[in-house]
Each structure stands twice: as structure tokens, then as C-alpha cells.
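Here is a short briefing to read alongside the model. Have the viewer open and follow the residues as they come up.

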Amino acid sequence: MKNIFGLTLEELQESLKPFGVPSYRARQVAEWMYQKGARSFDDMTNLPKNLRATLPEMLAIGRPREKDRLDSADGRTTKFLLEFDDGTAVETVLMRQPYGNSICVSTQAGCNMGCAFCASTLHGMARNLSAGEIFSQAIIIEEMLHREGQGKVDTVVIMGSGEPLMNYDNVLAFIRLLHAPYALGMGYRNITLSTSGIVPNMYRLAEEGLPISLSVSLHAPNDALRSTLMPINRKYPLADVVKAARHYAETTKRRVTYEYILIDQLNDGEEQAQELVSLLRGQLASVNLIPINPVVERHLLRPSAARIKWFEQYLLDHHIQVTVRREMGTDIQAACGQLRNKHLKD
């Protein structure tokens, strides 16, 4: 059985050819799967009855099941654990923002980047997700929002478990599918991809001609500290990562965001603030400060509110555009990997 969920229009046309199906039927099938929530060919009422009976013999519409769901007390954040047919489970998060509904999708089951502050890496990486598996996270939340009368998915951040640029082809196929008019028809400018700094693929992404936003997980302003927090820095040092990010901004004319997790007494001091200013001065870039969402196994603590405010003000005083990420979903362990890890332990 071939799973057709996640195929493009052109790929669907190829899959339907052996059945002698006119090419226009592929768009009907795509719209049923991606826009009307069809889970079987029987749901596709504008297909001929004989076709609805024949297609399931060779083709399947494979979607994950909802294994767990957690809703924050304030109603703004919902976290899903979705399980695929092989038992692999991944997390995706819905954040109800003032500007619309934003979702954070995973691109790998687990992660092997080994970042010292992250829950996703605790059990390593199980496997890459296919384009359809990444896209299914968006579709499931889109359908839930429609059922509950809460609108639609407005923005997508590719910032969940896994390193997107280590699953490059599937992630790019997902982005293009997300944009396709027969799928969700989302504008590229409503999509943000976050990377820990896979330099060759940052350059590759810049040449794709897609005006998506790029976020770079920086988290330290020098190589020694960043290598301690993020082992990938030993392969792609800080200067190379920043150079690739600058190239992305210059090529796409899109402002790059540098993500900087604030960890108490580790990277939140005056010395680190000075280094960060020197590193980013003059770039088409901004800094997103993220007070750490503590992971029990990591033993890293959040700075005080006063210390967070001081670090933010220092950057502002030195003409670095900066925001502090709003805290959402702490009561449901919305940080990447925490819910999946709980089920792996159980």
C-alpha cells in the first residue's frame, strides 16, 4: 500500500495513472485530503463509485492518531502528541496569539544535536519525518480549529523537535505543500524555519527563492560557550554561522532572528551581552531572548526577571533590535520533547 498523504499534485497524478484516472482527478483527491478532512476514498463523493472502490486496494491516506493532548490553564496553548503507523510519536504545539493561530511543528522524531538545554535530545533521534508527516501536524490542528470555531492556522514555525536543515528535502517539500493552493495556501512570509546552524544548508536555503523567515539558534556569543551548549558548533563555528545568516538576509532581504536562551549565571552576564552586541552590530537582524523553560534533567535555571530585563535593555541601548519571547504553555510542559519523553518513560 502506498501512502498518498503528503504528495504534491504532480505526484498524485503519477500515483493515479495506473488506474487510468484523468489528471484533473488528482486535484479533487488533494482537496479532499488537505482541505476537507477526508480520511478515506469513500468520503470523496465527486469521484466515481468504481474508483472509490478500486483506489483503496493500492493507495492509503495515512494520518497520525492523537495519542495525547494537553491544554494550558489559560486556554492559549495546546500541545499534541501524534503517533504514526510505525509507533513513532512527535509533538506539535498550537499557540493562540493576538495576531492569530501559530503552530510549531517537528521535523524529526527526537533530535541528535545534543544541545545542553533541550529535552528533545535526551533520547536521541528515532528518524526523519516525511513531508506528509510534517504536513499532517498542520492539517490536524487546522481541522481542530475549524471544528471548535477558532479560525485557522495563520502562521507556522518549524521549530519543534529535530533540526530542520538535517532533513532538508522533506522540510522543503513540506513548505511548498503548505503554500500550495490545493493544500493550505499559506503565504511563504507566514513561515519561519529555525536552525542550530547547519551552514551548507543555510546557503542552500538562501538560493531557493522562498521568502520564508530564518531563525538561528545562537544561545552564546563565543565559540567556547556555544560549543558547551551546542556541540554542533564544533563542526560549524559561530563565525561561519553568522556569515551564512548574513548571506541569507542579504539574499532574501528578510531580517534574520537570532534566538538566545537566557540561562542564569551562564550566558546572561555583561561580558556575554557585550560580545553579542559586537557579533551582531550592523546586521539586518534581531534578537529573540528566551528565558529558559527548565528541563528537570538538564539542571539549568531561569534568570530573575530583573536580570532578563537588564540584558534586554543592554541590547536596546546598543542599538540591537530585541524582543523577549512571551511565556506560553509552561504548565503543560510545552518545551520541545517534554511530552514525548514522558510517554517514552511510561
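**Cysteines and the wider fold**

The sulfur of Cys-111 lies 6.3 Å from the closest cysteine sulfur, that of Cys-118, which is too far for a bond; a disulfide here is a pair of cysteine sulfur atoms within 2.5 Å. This is a predicted model, in which local features need pLDDT of at least 70 and side-chain atom pairs count only at pLDDT 80 or more, while totals for chains, interfaces and linings use all residues. Residues are numbered from 1 along each chain as its sequence is written, and side-chain values use heavy atoms, leaving out hydrogens and water.

**Cysteines**
- By the sulfur distance rule, the count comes to 0 disulfides.
- Cys-111 counts as buried at 6% relative accessibility (buried is under 20% relative accessible area, exposed over 50%, and partly exposed in between, with a 1.4 Å probe and protein chains only).
- Cys-104 is buried too, with 11% relative accessibility.

**Overall build**
- The chain holds 11 helices and 14 strands, which are DSSP runs numbered from the N terminus (helices H or I, at least four residues; strands E, at least two).
- Its radius of gyration is 21 Å, close to the 20 Å that the globule rule gives for 346 residues, so the chain is as compact as a globular protein of that length. The radius is taken over C-alpha atoms, and the rule is 2.2 Å times the number of residues to the power 0.38.
- Along the principal axes, the C-alpha atoms fill a box of roughly 70 × 45 × 35 Å.
- Of the 346 residues, 56% are buried.
- Among contacts (heavy atoms within 4.5 Å) with a separation of 6 or more, 66% join residues 24 or more positions apart.

**Surface**
- The accessible surface of the chain is about 14,900 Å², with 50% belonging to carbon and sulfur atoms; areas come from the Shrake-Rupley method with a 1.4 Å probe, and for residues only the protein chains shown count as cover.

**Two positive phi values in loops**
- His-219 is not a glycine, yet its phi is near 70 degrees. His-219 sits in the loop between β11 (213-217) and α7 (223-229) and is buried, at 3% relative accessible area.
- Lys-253, also not a glycine, has a positive phi of about 60 degrees. The loop between α8 (238-252) and β12 (256-262) holds Lys-253, which is exposed at 65%.

**A helix residue to look at**
- Gln-274 belongs to helix α9 (residues 270-280) and is partly exposed, at 38% relative accessibility.
- Gln-274 and Phe-311 are 37 residues apart in sequence, and their C-alpha atoms are 10.0 Å apart in space.
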